[in-house]
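Let's take a friendly walk through a few side chains and see how each one sits in its surroundings. Please have the structure open as you read.

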Amino acid sequence: YLLLKLALSIAFALAAEIIYVIVLMISLIPFAIVYVPLYFLLHNHGTGAMVLFIAAAVLGGLVLLAWIFILSALTFGYVYAFLQSYALYFMGGRYQLLGDLLEPPQLPPTEPTTVTA
């Protein structure tokens, strides 16, 4: 159990990290499209323009930070949920009461009763 859980943890963490980095790199493209031209437009226009650019960059950084937290929760939440369910189902096969809670046993079909008056 422990070795398989360790192997699954490593495999799913690597897969989630690869997906996380790819999606993060793709989501950085709009920020680059907005802020690189904005920098080259405003960097020679004085202090006021640079203050405006820095304020816009801070706002964009906060949006990016929020997106990173959301993306982390979406990506790694699945890994943690799978590993927890793996542990429950592994132990559910060994402990009857837990197994019955996870997958209730099927009741045998009953004959329909008819009421006669």
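## What counts as buried

A residue is called buried when its relative accessible area is under 20%, exposed when that area is over 50%, and partly exposed in between. Keep in mind that the model is predicted.

## T75 in helix α2

Helix α2 spans residues 47-92, and T75 is found in this helix. Is T75 buried or exposed? Its relative accessibility is 12%, so T75 counts as buried.

Leaving aside residues up to four places away in sequence, T75 touches A16 and Y20.

## S27 in helix α1

Turning to helix α1, which covers residues 2-42, we find S27. With a relative accessibility of 14%, S27 falls under the 20% limit and therefore counts as buried.

Which partners does the side chain of S27 have? One is the backbone oxygen of L24, reached at 2.9 Å. Another is W67: the side chains of S27 and W67 are joined by a polar contact of 3.1 Å.

I29 belongs to a nonpolar patch on the surface, together with I18, I22, I26, I33 and V34. Taken together, the residues of this patch have about 590 Å² of accessible area.

Technical notes:
Residues numbered from 1 in each chain as written. Predicted model: local features only at pLDDT ≥ 70, side-chain atom pairs only at ≥ 80, totals over all residues. Heavy atoms only, no water. Helix = DSSP H or I, 4+ residues; strand = E, 2+ residues; numbered from the N terminus. Buried < 20%, exposed > 50% of the residue type's maximum accessible area, 1.4 Å probe, protein only. Polar contact = N/O pair within 3.5 Å; in protein donor to acceptor, adjacent residues only side chain to side chain. Patch = residues over 30% accessible without salt bridge, like charges linked within 9 Å, V, L, I, M, F, W, Y side chains within 5 Å. Areas by Shrake-Rupley, 256 points an atom, 1.4 Å probe, with all protein chains shown as cover. Salt bridge = Lys/Arg side-chain N within 4 Å of Asp/Glu carboxyl O. Contact = heavy atoms within 4.5 Å.
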